Amino acid sequence: MKKIIVMGAGFAGFSTIEGLSSIRGKTAVTLIDKKQSADFLPLLPDCLGRQINPQYLRCDIEHFCKRLGFRFLRDEVRAVDLVNRAVTTLTGTLEYDYLVIASGSETNFYGNQNIREYAYTLDSADDAVRLSNLLGKEKIDNYIVAGGGYTGIEVVTNLRLYLDKVKRKGSIIIVERAPAILGPLPEWMKDYVTDNLRRLSIEVMVNSTVERIEGGRVFVSARKVFDNTLVIWAAGVKTAGFIQDLKVEKNPQGRIKVDDYLKLNESCFVIGDAAYFSYKNNFLRMAVQFAIFQGRCVAANIINSIKGRKLKKYTPIDFGYIIPMANNNSCGTVFGLNLKGFLPTALHFIMCIYRSRGLRNKFGVIKTLIRRRCTM
Ligand SMILES: Cc1cc2nc3c(=O)[nH]c(=O)nc-3n(C[C@H](O)[C@H](O)[C@H](O)COP(=O)(O)OP(=O)(O)OC[C@H]3O[C@@H](n4cnc5c(N)ncnc54)[C@H](O)[C@@H]3O)c2cc1C
């Protein structure tokens, strides 16, 4: 019986094992994840502003595996031996015939231990609980979000929504290392977001970095000091530690270069945020839609390989992207159309509800949005 290991129970890993369910009983499939629940990451910023209960973002991995008839191993992968086809976890070593690396990405502190220790992150439902509790309890004067990418923008607008709701004052600042927010995105989008942030009295500090946090005191680019300040770190991601130790071709974020079939070698596939897939002279961005479709493609190709059939190439389908902003002035490009205002906000939530796992979670999110009427 062929042994298949899927590492990581995020969007990519889940869609892979769903795709493998047709060969249940004929193969031994193990899904490994260090966490007990898979969290719906795109709704994390909305837990702060729209006060969606983070419980509605969780999906129990063991329950999901049981339903599909596969084994779940809660463990952390520490190393992969591509030659001897073995995975080492904290508790032992497992051999495989096929391996799918779907371990996503995690916050990158760029080696700054001080920031790692004192800044908050928003990478999991647990993080959202921690931050929501803190916002409810502490009186904070300044809220700094490090990183002016999609996540940073979403977070600052949700912070403003929260402070307005609880009728509390506070400065909100984005600190971005580059000369502009939203890096490679089109100019019209950057202008639209910048205008919206101005309207929400959110300051943008470009060419700046958060250098040190001492108690509630934050030092930004050795020029400015903020007292009684909370820092949320959204300044970049990297792949899991064991990937960094693999001697294979990677991009600067540590994403593994894969071929047209999402293969690293004959027995190992890499998908989702962990993979670096060349597309139209560039590479695919990290996004839920690609993770899900890559998982399906790899499941089909493992089945093809077992049955001795030809593998299918992976062809990305890009539906577009949205920058959701909590005052409903979102923007994005969907099916090639540039959208602004409420429509992209609505599309963001429709996508999230559609892709959330379990009726309890879907209805929980819908109920919260109706109660809060999606307004500021
Ligand atoms: C705040 C936020 C908002 C976002 N908003 C959007 C959005 O609106 N739209 C969009 O398309 N994308 C969004 N993204 C990005 C999107 O969530 C990712 O692209 C997507 O989750 C990637 O899926 P994945 O399966 O590759 O990885 P993940 O979903 O990150 O899953 C990886 C899994 O691997 C596990 N894992 C990692 N290392 C190990 C190890 N060593 N051993 C065992 N298990 C391990 C992790 O516990 C995790 O469960 C957002 C991300 C964040 C953080």
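Into which domains is the protein chain divided? In this predicted model, the chain is split into domain 1 (2–34 + 75–107 + 237–306) and domain 2 (113–235 + 320–372). The C-alpha centres of the two domains are 30 Å apart. Four residues from domain 1 and five residues from domain 2 make up the contact. On the side of domain 1 that touches domain 2, two residues are nonpolar, one is polar and one is charged.

The ligand lies between domain 1 and domain 2, because both contribute residues to the shell around it. This shell holds 35 residues, of which Gly 8, Gly 10, Ala 12, Gly 104 and Gly 272 are the closest to the ligand. By class, the shell comprises 20 nonpolar, nine polar and six charged residues. At least two shell residues come from each of the following elements: helix 1 (11–19), strand 2 (27–33), helix 2 (44–49) and helix 9 (288–306).

Nonpolar cores were also identified. The largest consists of 52 residues, and within it Ile 144, Val 145, Ala 146, Val 231 and Ile 232 have the most contacts. Helix 6 (residues 150–165) provides the largest share of this core, with seven residues. When neighbours within four places in sequence are set aside, the contacts of Ile 144 are Ile 173, Val 175, Val 210, Val 218, Phe 226, Thr 229 and Val 231.

Methods
Residues are numbered from 1 along each chain as its sequence is written. This is a predicted model: local features need pLDDT of at least 70, side-chain atom pairs count only at pLDDT 80 or more; totals for chains, interfaces and linings use all residues. A residue is near a molecule or strand if its C-beta atom, placed from the backbone, lies within 6 Å of it. Helices (H or I, at least four residues) and strands (E, at least two) are DSSP runs, numbered from the N terminus. Ala, Val, Leu, Ile, Met, Phe, Trp, Tyr, Cys and Pro count as nonpolar, Asp, Glu, Lys and Arg as charged, and the others, Gly among them, as polar. Domain bounds come from an automatic or database domain assignment. Two residues are in contact if their C-beta atoms, placed from the backbone, lie within 7 Å. A nonpolar core is a set of buried Ala, Val, Leu, Ile, Met, Phe, Trp, Tyr and Cys residues joined through C-beta atoms within 7 Å. A residue is buried if 20 or more other C-beta atoms lie within 10 Å of its own, exposed if 12 or fewer, and partly exposed in between; C-beta atoms are placed from the backbone.
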